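Student: I am new to this structure and would like to go through it slowly. Could we look at it together, one question at a time?

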Amino acid sequence: MEQFDLSKLKGRPAFPFETIAVAISFSPRLEALLSESKRISDKLQANLLLIHVGEKTPEKETRLDKLISKLGIDENKCRINWMDGEPVDTILKLCKLNVVDLLILGALSKEKLLKFYLGSIARKISRKAKCSVLLLTNPTEEASRIKRFMVCAEENPKTIHTVNTALYLAKKFNVGEISIVKEAHVPGLAMTMAEDSTAPEANRMRRNLAEADEQELHSVAEKCDKDGITIIEKVIKGKPGYTVSKYAREKKADLLILNSPDTQLGLFDRIFTHDMEYILADLPCNLLIVHSRPH
Amino acid sequence: MTRLTHHELIVFLLAISTMLIFSRVAGELGKKLRLPVVMGELLVGIMLGPTILGQFFPDLFTYLFPRTGNVTFAFDGLFSLSVVMLLFVAGMEVQLPLVLKQGKVAIYTSVSSMVIPFFTGFAVAWYFPSLFGQTPNTPTHLLFSLFLGTALSISALPVIARILMDMNLFKTNIGMIIIASAMVNDLFGWLLFSFILSLSLHHGETMGLGYTILYILGFGVFMLTIGKRIIDKALPWIQTKLSWPGGVLSISLGVCLACAAFTESINIHAILGAFIAGIAIGDSVQLHEKAREIIHQFVTNFFAPLFFVSIGLKVNFIQNFDIVIVSIVMVLAFIGKVTGASLGAYWGGLKKREALVVGFGMNARGAMEIILGTLALNAGLISAPVFVALIIMALVTSLSSAPLMRKFLD
């Protein structure tokens with residue numbers, strides 16, 4: 001597989017996913033993760049880059065070769081990278097060097113409190129990656145059904161790219177319908193209305209805010225390249241991140257898709273949890289974080 | 001046990017009734033003129049207090065608001081409860097994650113809009129103490145200087161939120177920067193003020209400076225991490241298993257009062273406990289919006305009028321009006337806050353005009369300044385003329401904020 005030069009990285013569109021990397025750790029879930037990754041790369045006709053950060057032993061090599069052969073992964077479209085070093089930075093560096101479009105990681109739905117605050121590898125990568133990241137919470141060896149796509153449409157210029165990426169994936173996965181969800185949250189609204197609003201005024205204020213949210217969501221849907229795919233629009237009330245996570249769980253979404261964070265998230269963002277951190281704290285389903293590379 | 005006599009109880013209830021009804025009427029009239037409700041409440045206080053009623057109908061004034069006897073204790077308790085409740089709801093709207101989300105520009109704006117007015121106020125009070133009737137190089141001089149700095153650096157989230165809502169700016173980038181920065185101003189302003197109050201009220205007691213800071217920080221960190229986590233776990237149960245909305249209302253207010261009692265017991269003022277409890281409860285994702293609204297309605301429409309009316313009952317605004325002090329406070333307030341917030345927003349990446357909109361938006365001091373001034377007056381930190389100047393400054397900055405913002409909006 002050819003190595004890309006770094007100039008190709010800047011301004012590269014969020015999709016198509018031509019190069020998919022998979023971070024592997026030789027855990028019991030390795031076969032399931034590889035099976036799922038293989039199915040995804042087949043559907044997207046992408047090259048596969050397997051990354052293992054850790055010691056390269058004959059046992060590991062044999063196990064991986066056997067799995068590649070068992071799963072029918074095309075060796076011409078797959079390359080293995082054995083690396084030493086600190087896992088997060090090494091994986092991210094390799095993704096950058098190889099102009100990876102999508103990095104697939106296995107992740108637990110919920111981690112123990114201390115590990116969450118300290119940051120597991122998968123979560124750390126999700127916060128720092130400069131490419132799109134797919135966290136698979138429950139990869140299976142059998143053909144899985146990733147059918148219910150839900151996109152979190154926050155007010156951000158990146159959202160349009162994220163929705164278009166979701167539509168691209170929907171086409172490839174033969175999904176006819178996706179939901180785009182906007183979280184309506186007005187901090188201070190209760191305080192603003194408590195003092196001197198009559199009931200009709202308060203209702204009008206709420207209605208105006210709700211209509212503005214619906215219009216914003218609709219304008220995002222209008223701008224997207226739907227190409228026959230139905231978009232269901234939904235405005236939900238509540239705190240960003242937490243509300244969409246809860247909604248995705250309630251609606252049994254298979255894949256929740258959101259923008260990459262604008263800034264690198266750190267320990268403070270976990271202590272004073274907000275937005276993506278609520279989702280990472282307790283993954284409701286598989287999670288795709290779409291990274292739109294700026295031009 | 002000392003109890004209110006039959007007559008005292010009648011007076012107490014009549015006084016509360018008068019304050020509530022008159023402040024509501026004034027608030028509604030003020031609303032027609034697009035004036036803040038708090039202004040109407042203050043005017044009612046001035047009318048019912050020594051300035052007007054006490055001047056022209058001294059017997060009626062003394063009957064309704066006696067200066068001695070058990071009724072004064074009852075009022076004192078009620079007003080203390082009111083200020084604790086006001087700080088609780090103020091805390092409920094402080095959402096620190098919003099600041100992190102807004103990123104660099106909010107952090108620059110909030111820091112600069114605190115630091116510049118603080119040092120402006122501190123420096124003027126420190127180098128020109130005679131302007132405010134202070135004696136140089138005394139402990140009260142230092143405390144007063146610290147207080148003036150803090151009073152000038154604080155913002156008033158409720159009035160700012162209302163202005164932004166009326167101007168249709170609430171959900172814009174500028175609106176969110178102003179809200180997030182005002183939240184940080186409030187948090188650090190009240191932390192600092194609690195520290196100053198603690199030094200002032202417990203002067204000479206055993207707890208040293210280091211312990212005061214340690215207790216304030218320790219309590220804040222505990223409540224905003226472990227305390228918040230416990231609240232997050234408990235709220236869903238409270239909201240579904242207990243009577244609605246009684247359950248969440250009584251537990252939330254109970255937690256607020258317990259925290260207030262705790263901070264008071266460790267010689268930090270009760271307001272800090274209430275404010276931090278408000279942040280921990282209000283920031284919880286589990287708190288239903290309806291519950292938040294009910295708490296706000298309850299406090300804003302019962303405790304707030306009593307508190308703001310009571311201000312006018314305590315001070316004679318005409319006798320204590322000092323044009324020099326009013327002018328100095330006003331100039332310092334405008335220069336410090338508008339310059340600080342605008343520069344912060346500009347350094348954070350906003351354009352000049354947008355930065356000025358942020359500056360004038362954050363200049364509104366409103367009810368928070370009035371509460372701060374009242375507590376400082378009660379603690380003997382400031383004189384009545386300085387208090388009157390702060391009240392006037394709070395009203396002028398609140399009223400001028402929207403028109404000045406409009407000037408710089410495209």
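**Strands, helices and domains**

Student: How many bridges join strand 4 of chain A to strand 5 of chain A?
Tutor: This is a predicted model, in which local features need pLDDT of at least 70, side-chain atom pairs count only at pLDDT 80 or more, and totals for chains, interfaces and linings use all residues. Residues are numbered from 1 along each chain as its sequence is written, while chains are lettered from A and ligands numbered from 1 in the order in which they are written. Helices (H or I, at least four residues) and strands (E, at least two) are DSSP runs numbered from the N terminus, and two strands pair if DSSP finds at least two bridges between them. Strand 4 (residues 102–106) and strand 5 (residues 132–136) of chain A run parallel, and the number of bridges joining them is five.

Student: In strand 5 of chain A, which residue is the bridge partner of A:Gly106?
Tutor: Strand 5 of chain A covers residues 132–136. Within that strand, the partner of A:Gly106 is A:Leu136.

Student: Which strands of chain A stand at the edges of the sheet?
Tutor: The sheet is open, with 10 strands in the order 3-2-1-4-5-10-9-6-7-8 (chain A) and mixed pairing. Two of these strands have a single partner strand each, so one side of each is left without a neighbour in the sheet; in chain A they are strand 3 (78–83) and strand 8 (230–237).

Student: What is the radius of gyration of chain A?
Tutor: The radius is taken over C-alpha atoms, and the globule rule is 2.2 Å times the number of residues to the power 0.38. With 295 residues, a compact globule would have a value near 19 Å, and chain A agrees with this at 20 Å.

Student: How far apart do the C-alpha centres of domain 1 and domain 2 of chain A lie?
Tutor: Domain bounds come from an automatic or database domain assignment, which for chain A gives domain 1 (1–142) and domain 2 (145–255 + 262–282). Between the C-alpha centres of domain 1 and domain 2 of chain A the distance is 28 Å.

Student: Which helix of chain A gives the most to the side of domain 1 that touches domain 2?
Tutor: Taking residues as in contact if their C-beta atoms, placed from the backbone, lie within 7 Å, 13 residues of domain 1 of chain A meet 12 residues of domain 2 of chain A. Helix 1, helix 4 (113–118) and helix 5 (121–128) of chain A each supply at least two residues of that side of domain 1. The most, four residues, comes from helix 5 of chain A.

Definitions and conventions. Two residues are in contact if their C-beta atoms, placed from the backbone, lie within 7 Å.
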